[in-house]
Amino acid sequence: MRATTKIDRRIVKTKEAINKAFLELFSEKDFQQLTINDISERANVNRGTVYLHYTDKYDLLDKCIEEYLNQLIAFCSLDENSPGNTTLNSDLTPIFIYFEGNFTFFSSLFAHQRTFVFRERLLAFITLNVKKKLEMQNLDSKIDHELNAQFMASAFVGIVEWWIQHAMPHPPSFMADQLRRLFEKNDIYAD
């Protein structure tokens with residue numbers, strides 16, 4: 001009989017309080033001016049409790065980025081030809097809905113200097129998936145798949161960043177449709 005590890009609800013609630021406090025402060029203050037004291041006071045926990053779960057504020061930010069990226073990846077569909085591989089769906093609307101639903105976090109993230117961590121991870125994920133799409137289509141293109149994937153991934157991340165920084169001037173469905181059309185022009189989604 002296997003012993004199952006039971007998750008202590010107090011630990012879960014404490015981590016949720018710390019994350020919530022961090023995200024609130026992250027949207028209010030410059031990241032460099034955030035302190036563990038600020039976070040612990042807002043979360044109503046001791047400093048030591050924050051350090052029990054996170055090395056420092058950079059670790060906390062990295063874990064938040066990782067969590068949000070994992071949630072974003074969950075919004076993408078599974079590729080039918082490669083079970084277990086996450087790929088971009090041709091309907092990009094859920095991705096924009098996800099960004100819209102988490103506007104506060106992403107707008108704060110793009111406003112801070114630590115954006116590069118998020119951008120690099122998102123760019124790597126999008127590049128990999130665009131390249132897979134291009135290779136699966138086996139089109140006779142004069143453009144190298146790697147270069148096309150890098151170009152389109154950079155464009156995707158740039159468009160998402162612009163959309164968020166401009167307070168989402170268009171609805172997610174419009175953004176998804178426009179991006180899909182751009183992808184179609186570059187052989188990523190065939191009509």
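Student: In which helix is the place of I36?

Tutor: I36 belongs to helix 2, residues 36–43; helices here are DSSP runs of H or I with at least four residues, numbered from the N terminus. This is a predicted model, in which local features need pLDDT of at least 70 and side-chain atom pairs pLDDT 80 or more, whereas totals for chains, interfaces and linings use all residues. Residues are numbered from 1 along each chain as its sequence is written, and side-chain values use heavy atoms, leaving out hydrogens and water.

I36 has a relative accessible area of 9% and is therefore buried, a term that means under 20% with a 1.4 Å probe, protein chains only. Beyond its neighbours within four places in sequence, I36 is in contact with R47, V50, Y51, D56 and K57, where contact means heavy atoms within 4.5 Å. Y54 lies 18 residues from I36 in sequence, with 10.0 Å between their C-alpha atoms.

Helix 4 itself has 18 residues and reaches 26 Å from its first C-alpha to its last, close to the 26 Å expected at 1.5 Å a residue, a span computed as 1.5 Å times one less than the number of residues.

Key:
Helices (H or I, at least four residues) and strands (E, at least two) are DSSP runs, numbered from the N terminus. Buried means under 20% relative accessible area, exposed over 50%, partly exposed in between (1.4 Å probe, protein chains only).
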